[in-house]
Amino acid sequence: MANTAFITGATSGFGLACAERFARAGWKLVLSGRRQERLDALAARLGEQCPVHTQALDVRDTAAVQAMVAGLPENFREVHCLVNNAGLALGTAPAPECSLEEWHRMIDTNIKGLTTVTHSLLPTLIARGRGASIINIGSVAGHWPYPGGNTYCGTKAFVEQFSYALRSDLQGSGVRVSCLAPGLSESEFTLVRTGGDQAAHDTLYRGADPIQPEDIAETVFWLASLPPHLNVNSLELMPVSQSWSAFSINRR
Ligand code: NDP
Ligand code: 8X3
């Protein structure tokens, strides 16, 4: 019988590409995101390749997450792979100029939402045991600070450490936990971060040959398909064009 993947944030970017990749392999899919019309289009398109269950979901809504997991149709209950992908960055301003509401929205989505989905699906993942996996989408922002990264960097550092600690707790269950931390990647991410600034999006990615969502999907699928005795704890990916910069020194 086909395995089932539960992918959050499947309406765009990495999540959408993951849905397409797992569909090509014939997995059953549970796909969510807030934009219903995109989910409908996905269900119609991918439904020709594999069984698909879609549901509009805001991962910040704890009761809705729990109700969705509890109410999964019989055929989709046995989740083998959770791809915790829904997330966002808001703003690039230095901390003193940031909106507290935006900080809270990132924390509620990237930390609270991710932990809620994980908590809700742990029983079914543990019941699957050997071969099951949780793939959390972190970021280079969780490893390397940069100006204007403030709360976004903090949320992704949480994802990394949560992944390690979760793995410790799941030792013996057979369930794998990986944190995949991509660098510069072209998706709707920068449009969301800048409030729809197309010029900022174009400038950031121009000439950089950034990671594409399909690259991430291929990596996520590889992680989910590894032999069941292997766990990739953390995997950082950058486009070849991206590297580090020197420390910044503020002189008197
Ligand atoms: P996109 O903006 O293209 O996709 C983000 C996805 O998250 C959308 O499907 C969106 O769906 C969903 N989402 C956002 N907020 C919520 C919410 N409250 N509830 C449910 N779903 C939500 O960006 P990416 O594909 O690039 O981002 C995916 C993940 O990858 C994020 O966690 C991001 O932080 C991370 N990442 C991105 C990098 C990049 O450079 N692009 C690099 C490293 C990590 P909808 O709006 O329909 O709810
Ligand atoms: C997204 C990558 O460098 O814009 O997580 O923070 S970065």
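A nitrogen atom of ligand 1 lies 3.2 Å from a polar backbone atom of serine 185, a polar contact in the sense of a pair of N or O atoms within 3.5 Å. The protein covers 96% of the 880 Å² of accessible area that ligand 1 has on its own, areas here coming from the Shrake-Rupley method with a 1.4 Å probe. This is a predicted model, in which local features need pLDDT of at least 70 and side-chain atom pairs count only at pLDDT 80 or more, while totals for chains, interfaces and linings use all residues. Residues are numbered from 1 along each chain as its sequence is written, chains are lettered from A and ligands numbered from 1 in the order in which they are written, and side-chain values use heavy atoms, with hydrogens and water left out.

Around ligand 1 there are 29 residues (each with a heavy atom within 4 Å of the ligand), and the closest are Thr11, Ser12, Arg34, Tyr152 and Ser187. For serine 12, an N or O atom of the side chain is 2.5 Å from an oxygen atom of the ligand, and a polar backbone atom of valine 59 is 3.0 Å from a ligand nitrogen.

We turn now to helix H3, residues 62–70, where helices are DSSP runs (H or I) of at least four residues and strands are runs (E) of at least two, numbered from the N terminus. Its buried residues, those under 20% relative accessible area (1.4 Å probe, protein chains only), are Val65, Met68 and Val69. Seen down the axis of H3, these residues fall within an arc of 95°, so they line one face of the helix, the arc being that of the directions from the helix axis to the C-beta atoms. The face turned away from them carries Ala63, Ala67 and Ala70, which are exposed, that is, over 50%.

Technical notes: A polar contact is a pair of N or O atoms within 3.5 Å; within protein, one must be able to donate a hydrogen and the other to accept it, and residues adjacent in sequence count only if both atoms are side-chain atoms.
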